[in-house]
Amino acid sequence: MTDSSDYTPPSVWTWNKANGGRFANINRPISGPTHDKELPVGRHPLQLYSLGTPNGVKVTVMLEELLALGHRGAEYDAWLIRISDGDQFGSGFVAVNPNSKIPALLDRSGPTPIRVFESGAILMYLAEKFGAFLPTKGGARAECLSWLFWQMGSAPYLGGGFGHFYAYAPTKIEYAIDRFAMEAKRQLDVLDRRLAETEYLAGSDYTIADIAVFPWYGGLAKGWLYGAAEFLAVQDYKNVQRWADAIYNRPAVKRGRMVNRIQGEPSSQLHERHDASDFETKTQDKLAPAS
Ligand SMILES: N[C@@H](CCC(=O)N[C@@H](CS)C(=O)NCC(=O)O)C(=O)O
């Protein structure tokens with residue numbers, strides 16, 4: 001095993017700003033705003049401030065699914081928050097999410113705007129507001145919420161643990177990669193066994209549990225995260241693969257994955273979404289065609 005034992009923690013930790021990590025420029029040991037900046041507000045009842053990462057995609061998929069069901073009150077403006085530029089530390093954003101992380105939602109449909117942060121809370125809020133994708137009682141609701149909260153508790157080990165040490169850390173630390181690869185595979189196995197029993201995570205219906213889990217573990221299974229498909233042998237998780245394919249093929253999921261996306265094919269990037277027609281007219285291939 002690689003020896004990383006030449007580090008002895010000092011008695012009191014101090015902030016080494018340039019630690020070489022990929023996110024060193026935005027990571028801080030303190031919270032709160034770094035600068036004054038109001039958030040823009042569009043014409044729709046729901047204002048979303050986000051980025052097309054797995055946590056952001058959960059919410060844009062949910063909103064597109066609600067619109068596909070005919071819930072016109074789910075019309076939304078999706079504003080781009082560039083986290084690598086520190087937009088999440090602007091005073092307006094911090095007022096909507098004191099935790100300075102995307103996604104953050106402002107519901108302006110009532111007399112007083114309601115803020116919601118944390119993607120799981122946003123999914124529950126929208127599901128309850130529109131009466132969709134969350135069973136209303138009994139075992140089905142308990143199952144849905146169990147898998148939703150499973151995602152909220154598990155994904156940090158996948159992203160902050162495995163993904164960070166496998167793909168982003170400035171040095172490859174065998175102990176850390178080994179520890180979190182084991183956990184990522186254990187989590188995939190948890191899902192695979194569940195999806196051997198039922199079509200979707202909460203049972204026979206597609207719910208916010210699937211919407212929350214898909215961008216992380218569906219993305220991992222499809223090879224979109226961390227370049228780790230081969231390393232984690234994701235093709236072995238056959239039930240996760242079947243479930244991920246089914247969700248990937250939903251038209252609302254295809255649309256939701258495009259919103260606030262700033263990488264990949266220009267035709268797959270809709271930086272901001274203010275109208276349903278934007279998917280046809282405002283993708284990056286149309287706004288900034290290659291010269
Ligand atoms: N538990 C949060 C996690 C949100 C989160 O980690 N967002 C990341 C992007 S995926 C972020 O905004 N990072 C910016 C930062 O840490 O400064 C949720 O599910 O909403």
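Start by selecting the shell around the ligand: its residues divide into 6 nonpolar, 5 polar and 3 charged. Here Ala, Val, Leu, Ile, Met, Phe, Trp, Tyr, Cys and Pro count as nonpolar, Asp, Glu, Lys and Arg as charged, and the others, Gly among them, as polar.

Before you go on, note that this is a predicted model, where local features need pLDDT of at least 70, side-chain atom pairs count only at pLDDT 80 or more, and totals for chains, interfaces and linings use all residues. Residues are numbered from 1 along each chain as its sequence is written, and side-chain values use heavy atoms, with hydrogens and water left out.

Next, pick Lys101: an N or O atom in its side chain is 2.5 Å from an oxygen atom of the ligand. Move to Ser119, where a polar side-chain atom lies 2.6 Å from a ligand oxygen atom. Then try Glu118, with a side-chain N or O atom 2.7 Å from a nitrogen atom of the ligand.

Now zoom out to the pocket (on a 1 Å grid over the protein atoms alone, an open set of points where a 1.4 Å probe fits, with protein on both sides within 12 Å along at least five of seven lines; lining residues have an atom within 4 Å of a point). The largest pocket holds about 1,800 Å³ of space. Of its 50 lining residues, Phe23, Thr53, Asn55, Ile83 and Trp216 are the closest to its centre.

Which helix gives the most to this lining? Select α4 (138-168): it supplies 8 residues, the most to the lining of the largest pocket. Helices here are DSSP runs (H or I, at least four residues), numbered from the N terminus.

Definitions and conventions
Polar contact = N/O pair within 3.5 Å; in protein donor to acceptor, adjacent residues only side chain to side chain. Points joined across faces, edges and corners; volume = space filled by probe spheres on them. Helix = DSSP H or I, 4+ residues; strand = E, 2+ residues; numbered from the N terminus.
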